[in-house]
Amino acid sequence: MPRATLLLLLCSLLLSVGGRSQPTAQAGISAYSYYPPERDKESWQRLNLWLSATYLYVSKEAMEDQDSCLLLASRSLGLSRFSILAEGFGDEKLRHQSSWINQGAPGTGMQLLSGTTGKKQLQVLLLLGAYYAFQPGSYSRYKDSVEYFVHKAIAASRELQEQRWERIALCLLEKVYLQGADRNADSLCASLLDQCRKAGDKETEARAIAYRGIFTIPGQANFNRKLADLQQAADSYQRLGDTEGAINVWTDLGYIFSATGQDKQAYEAFTKALLLEEAIGFPYTQYSTDNLAMITFFQGKFGEPLRYTRQTIKVAESCRDSIGWAYYYSRLANLYISENRDKEGVEMVQKATRQFITDRNPALYNILQIEISYLNAAGRAREALDQVTAISQKVSPVIVSDLFYYHHILSGCYINLNRFDSAEFHIRKMDSLENITEAVRGPFRRGSVNNQLAALYLKRGQYHKAKEFLENHFRISSYGHRSLRNDLNIYSMLITADSALGDQAAVIAHYKEYIKLIDSNFKATKIRQAEELQVVYETQEKEKQITVLNQQAKQTRTVTNVTLAGIAAVIIIAILLYRQNRLKQRSNTIITQKNGQLQDLLADKEWLLKEVHHRVKNNLQIIMSLLNSQSRYIDNEEALMAINDSQRRVQAISLIHQKLYQSDNTYSIDMRQYIDELISYAQDGFDTGSRAVIEQDIEPVRLDVSKAIPLGLIINEGIVNAMKYAFPGQHKGIVRISLKHTATEQLLLSITDNGIGLPPDAEITGNSSLGFNLMRGLARQLDGTFTIESNQGLHITIRFSPLTNPSYEL
């Protein structure tokens, strides 16, 4: 028997080795099969979050803080920020106790803190400090909280002699001070680095330097400092063998090089990041390839940007990371446009725009200007303006860069509509926005402002002014405006201005330059076409090689697996036959025991749940009694009415918990019975006699607590409103309450009366009474729609789904 068991284990091991596909190392994207990123190891999750957050931060041109971008990336990827917050001190047990991070509930973390001691308490202190340190607006809103938990952690670290964790705590404080440009940041960094070097703590030293390079506020005065820190951190991470840390810092370094116009250095940094990703088999290479596409495009290349962009889109779509989809489609559109492939370019612009609108991302105005320019050029300026207006109602521009492109588009539309004052207004807006960015990184888009002014003056017939701005096009250094396409357009406008001014010499000179550019454009097009063909050929050859290798590997694995499977099957069958009876008897005994235990646990759970509902109901009754006692000492009629309304609302909730306590079903409420009792209670609270009759039409339906409570409160508000105001004096009337299913599997709640309705001058949609606002808020909690109409009485309608929406957050 021992030999048979040993043979079985050996065969199983061989079978698993022979049948296992290669892990994450990949020769191409075709080797990647999608799986949720949360299944990655922690260092990969951390790197994925860093790269995604940094990409968002850069794409928003540093106009939104890094922590907001990290939070957005975390939600988009479905990854907890725990891997970043707990770096250096977290473990699996702490991770399992930290779901409160994603829920934004630090109070739960503080409760966890109160029940811990020693090293575990230190971990929770550090995690709470990290939570606030990485919250959006960490310096302006949470500095005191960060300092409180960090200093507590430092004291605990010293008591437990965990000096390295003290340095990790100081890293958190360093990060917050750097983001807030606190005057203590430099001294804290210097002290922290000195402690790390004395202790030989290379890991924390690398992180402290990286944090200083990443979180120092960007600006022309400190770019060199950031570059030096990031370079040093990248070298340190590579010496330590922390490849993921090196990839993150090389990527940040590439962005700084790019922002300072050092394209060659940026290319080298992004290339190092990509090579390191491929070396460890990191599958999420889309950010590195997109960065390389951007830099090579700036360098005037075509084949490389096209290859990198296609690879970026393929990787991003394969791993279902939609964070950058719209940006990637935009880059491909720009490549097509630069090659005069206008139809393909506009189609890709439209695809990018749809994705931007889906993401509610105002960055769409940058790429949208391409499509709008084509509409303007085709004499469809009115249609272009209407399209911009419609899109702006869905997605409004927010940050400086979005607003710049928004006004750029509108100025172009108004120029083509000959509405010159409106065009000038929007160009002046562009100019003021550009002044803001110039203070940070120089004349980033000054060329665009000048070109729009030139186009405006040309249309107005102010040719001298137009020529002045057109000639500035060749004098200033501005991001992206000195493309071949733009230069051709500027020369064309200069020829028009010179002709109008009668300057024939200038016309000839500019025409010669125009012809030179046409010739160079033709040559560049041929070179780019050859590069594209080369890219297509290399891609096809690579895919063929991968397919052949995969087929060969599959055939080899199949033969090996069949052989080993046959041997293993014989052994397994023999063993199973021998042990079948014994296992069956043992399993039956265990199942019987487990069933008994499960029945006991279920009974205990049901009892505990009923007890919870009972205690909640009792506590709500106490609240009602307190409100009742308070009302005896109040002379103010409005205050007394508010307390009475609060009592009714509490009773509506209490009644639900009473039903759950009394029922065998502790999870859902019989709404017909509940509404009937709710109406009875409401009627008892008003002395209406027979003046107000309440009619019910309630279909049999059961709802869980999350739906029943807001629905009960809405019904309570509707009834109370009708009792108070619908039938003043001796008016008589009927209040009808209906709850029915619709054809679309939704529930429709209708509360109507034939009373006096709202005053004629009341704005229904803007009514700001507590009752109506409460009903609107409760309807949103139901994920439903709320409508109110005053027509021969008041008609309130709520339409919602009876299914629980697990994504709803309070």
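This is a predicted model: local features need pLDDT of at least 70, side-chain atom pairs count only at pLDDT 80 or more; totals for chains, interfaces and linings use all residues.

Visitor: Which elements give two or more residues to the lining of the largest cavity?

Guide: The lining consists of 15 residues, and the closest to the centre of the cavity are Trp 50, Glu 87, Tyr 237, Gly 245 and Asn 248. The elements that give two or more residues are helix H2 (42–59), helix H12 (202–215) and helix H14 (243–259).

Visitor: How many residues of that lining are charged?

Guide: The lining of the largest cavity includes 7 nonpolar and 3 polar residues. The charged residues number 5.

Visitor: Which residues touch the most other members of the largest nonpolar core?

Guide: In soluble globular proteins, nonpolar side chains tend to be buried together. The largest nonpolar core here has 157 residues, and those touching the most other members are Leu 127 and Phe 134.

Visitor: Which residues does Leu 127 touch, not counting those up to four places away in sequence?

Guide: Leu 127 belongs to the largest nonpolar core. With residues up to four places away in sequence set aside, Leu 127 touches Phe 82, Leu 85, Ala 86, Phe 89, Leu 94, Ser 98, Trp 100 and Ile 101.

Visitor: In which sense do strands S4 and S5 pair?

Guide: Strand S4 spans residues 733–741, and strand S5 spans residues 747–753, of which 6 of 7 are buried. Ser 738 stands opposite Ser 750 in S5. Over 7 bridges, S4 and S5 pair in a sense that is antiparallel.

Visitor: Which residue stands opposite Leu 747 in S7?

Guide: S5 also pairs with strand S7 (residues 794–800), in the antiparallel sense and over 6 bridges. Opposite Leu 747 stands Phe 800.

Visitor: Is Arg 360 buried or exposed?

Guide: Arg 360 lies in the loop between helix H19 (342–358) and helix H20 (364–377), and its phi is positive, near 55°. Because its relative accessibility of 53% is over the 50% cut-off, Arg 360 counts as exposed.

Notes
Residues are numbered from 1 along each chain as its sequence is written. Side-chain values use heavy atoms; hydrogens and water are left out. A nonpolar core is a set of buried Ala, Val, Leu, Ile, Met, Phe, Trp, Tyr and Cys residues joined through side-chain atoms within 4.5 Å. Buried means under 20% relative accessible area, exposed over 50%, partly exposed in between (1.4 Å probe, protein chains only). Contact means heavy atoms within 4.5 Å. Helices (H or I, at least four residues) and strands (E, at least two) are DSSP runs, numbered from the N terminus. Two strands pair if DSSP finds at least two bridges between them. On a 1 Å grid over the protein atoms alone, a cavity is a set of points where a 1.4 Å probe fits but cannot get out, and a pocket is an open set with protein on both sides within 12 Å along at least five of seven lines; lining residues have an atom within 4 Å of a point. Ala, Val, Leu, Ile, Met, Phe, Trp, Tyr, Cys and Pro count as nonpolar, Asp, Glu, Lys and Arg as charged, and the others, Gly among them, as polar.
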